[in-house]
Amino acid sequence: MADLSEEMKNMINEQLPFLATADENGVPKVGPKGSLQVMDDSHLLYYEHTFRHAYHNLKQNAYAAVAVADRSAQKGFRFEGKSHIHEGDSLAKKILPPKIFDRFPRAAVVVIDVEHIYQLDNNLDAGTRLA
């Protein structure tokens, strides 16, 4: 597992992260994940409540990437790793805010093991693997 730095954690908390997945045919999907947050030093998590593209794709292919960037600073990171869907288990019950069920009849927690981290800064080091 790779460890998130404080800079990475702050960027995830302050900017809008995007989740990238691929379906069983390799067709990519990418979309914003407003609930995406740091779980601990080597895991990210988000609340799954639409159960559409990302959920379908992660059920077929558990690997995901999360990109986050600060446009004004022209800095960013990409986190890659295997995801785990928790629906109705003890982790989901512990993490999901009860109010989510006021808006959505069903919700889950998706945990992403951060296995690799890449720099996305707007310079010649873009794409460099950091961990």
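Let me start with Ser35, which counts as buried because its relative accessibility is 19%. Buried here means under 20% relative accessible area, exposed means over 50%, and partly exposed is in between, with a 1.4 Å probe and protein chains only. Before going on: this is a predicted model, where local features need pLDDT of at least 70, side-chain atom pairs count only at pLDDT 80 or more, and totals for chains, interfaces and linings use all residues. Residues are numbered from 1 along each chain as its sequence is written, and side-chain values use heavy atoms, with hydrogens and water left out.

Where is Ser35? It sits in the loop between strand 2 (28–32) and strand 3 (37–40). Strands are DSSP runs of E with at least two residues, helices are runs of H or I with at least four, and both are numbered from the N terminus. Setting aside neighbours within four places in sequence, Ser35 is in contact with Leu45, Tyr46 and Tyr47; contact means heavy atoms within 4.5 Å. With Tyr47 there is a specific distance to quote: a polar atom of the Ser35 side chain lies 2.9 Å from the backbone nitrogen of Tyr47.

Next, Val27. This residue is in the loop between strand 1 (18–22) and strand 2. Not counting residues up to four places away in sequence, Val27 touches Thr21 and Ala22. As for Ala67, 40 residues separate it from Val27 in sequence, and the C-alpha to C-alpha distance is 18 Å.

Now the whole chain. The protein chain has four helices and eight strands, and the order along the sequence is α-β-β-β-β-α-β-β-α-α-β-β. The radius of gyration is 15 Å, close to the 14 Å that the globule rule gives for 131 residues, so the chain is as compact as a globular protein of that length. That radius is taken over C-alpha atoms, and the rule is 2.2 Å times the number of residues to the power 0.38. Along the principal axes, the C-alpha atoms fill a box of roughly 45 × 35 × 25 Å.

Of the 131 residues, 43% count as buried. Among contacts between residues at least 6 apart in sequence, 64% join residues at least 24 apart.

Technical notes: Polar contact = N/O pair within 3.5 Å; in protein donor to acceptor, adjacent residues only side chain to side chain.
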